Amino acid sequence: MAEEIKQTTFSFDDDEAKAVARCEVGTGDLPGKATFWLVFAVLISFGIRVVLDLPLPSVNMLGIYGATALLWILFLFYIRHRLHVTEEELKKRSLILVEEDEGFALYEFSTELRYHAGYDEITSVEKGEHIYRISAPMGRVCLPVRKLPAGFRDRIESLSEAKQIPRSWM
């Protein structure tokens, strides 16, 4: 029996590109969570010092806290810039998803193979609001949820040997 091959061409829209950029850069929603917990820890530290009537940090120590906060803010700006550059690159791409009976491949243009995986090789499927991130021995790939054929989505979500993980990259 011959394999049935289906092709789907897609590109990422704004929301999908933002989520994929967070995956590719590796930040996810970490900067926001880390900022919250750092500010929370500093406020609790100051609160405990006030309640226990301990001396507040010296001016030198407050200067170090300020320099650390400035470096953290600069780091957040760098991450935001890197995410923006990656988003713009992703929006320009036109990708071709080729579905086969045993797996799928992702091409940029019609000849440049970007990703290939058999359905039995997939170890995890992370589903977010806008994208799937599929992991296999070849690596990870992000695909837009809304632009994939329903049959492919059902097949990916029904893989029994792959972990199905809900995610929020935003």
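Mentor: A patch is made of residues with over 30% relative accessible area and no salt bridge, with nonpolar side chains joined within 5 Å. Keep in mind that this is a predicted model.

Trainee: What makes up the nonpolar patch on the surface?

Mentor: Phe36, Trp37, Phe40, Ile44, Ile48, Val51, Leu52 and Leu54 form the patch. Together they have about 840 Å² of accessible area.

Trainee: Why is Leu52 called exposed?

Mentor: Exposed means over 50% relative accessible area. Leu52 has 55%, so Leu52 is exposed.

Trainee: Where does Leu52 lie?

Mentor: In the loop between α2 (30–51) and α3 (59–92).

Trainee: How many helices and strands does the protein have?

Mentor: There are four helices and eight strands. Starting at the N terminus, the order is β-α-α-α-β-β-β-β-β-β-α-β.

Trainee: How do you know how the radius of gyration of the protein stands against that of a compact globule?

Mentor: Set the two values side by side. For 170 residues, a compact globule would come near 15 Å. The protein has 22 Å. As for the box filled by the C-alpha atoms, it is roughly 80 × 35 × 25 Å along the principal axes.

Trainee: What share of the residues is buried?

Mentor: Buried means under 20% relative accessible area. Of the 170 residues, 33% are buried.

Trainee: What share of contacts joins residues at least 24 apart?

Mentor: Take the contacts between residues at least 6 apart in sequence. Of these, 58% join residues at least 24 apart.

Definitions and conventions: Residues are numbered from 1 along each chain as its sequence is written. This is a predicted model: local features need pLDDT of at least 70, side-chain atom pairs count only at pLDDT 80 or more; totals for chains, interfaces and linings use all residues. Side-chain values use heavy atoms; hydrogens and water are left out. Patches are made of residues with over 30% relative accessible area and no salt bridge: like charges are joined within 9 Å, nonpolar side chains (Val, Leu, Ile, Met, Phe, Trp, Tyr) within 5 Å. Accessible areas come from the Shrake-Rupley method with a 1.4 Å probe; for residues, only the protein chains shown count as cover. A salt bridge is a side-chain nitrogen of Lys or Arg within 4 Å of a carboxyl oxygen of Asp or Glu. Helices (H or I, at least four residues) and strands (E, at least two) are DSSP runs, numbered from the N terminus. Buried means under 20% relative accessible area, exposed over 50%, partly exposed in between (1.4 Å probe, protein chains only). The radius of gyration is taken over C-alpha atoms; the globule rule is 2.2 Å times the number of residues to the power 0.38. Contact means heavy atoms within 4.5 Å.
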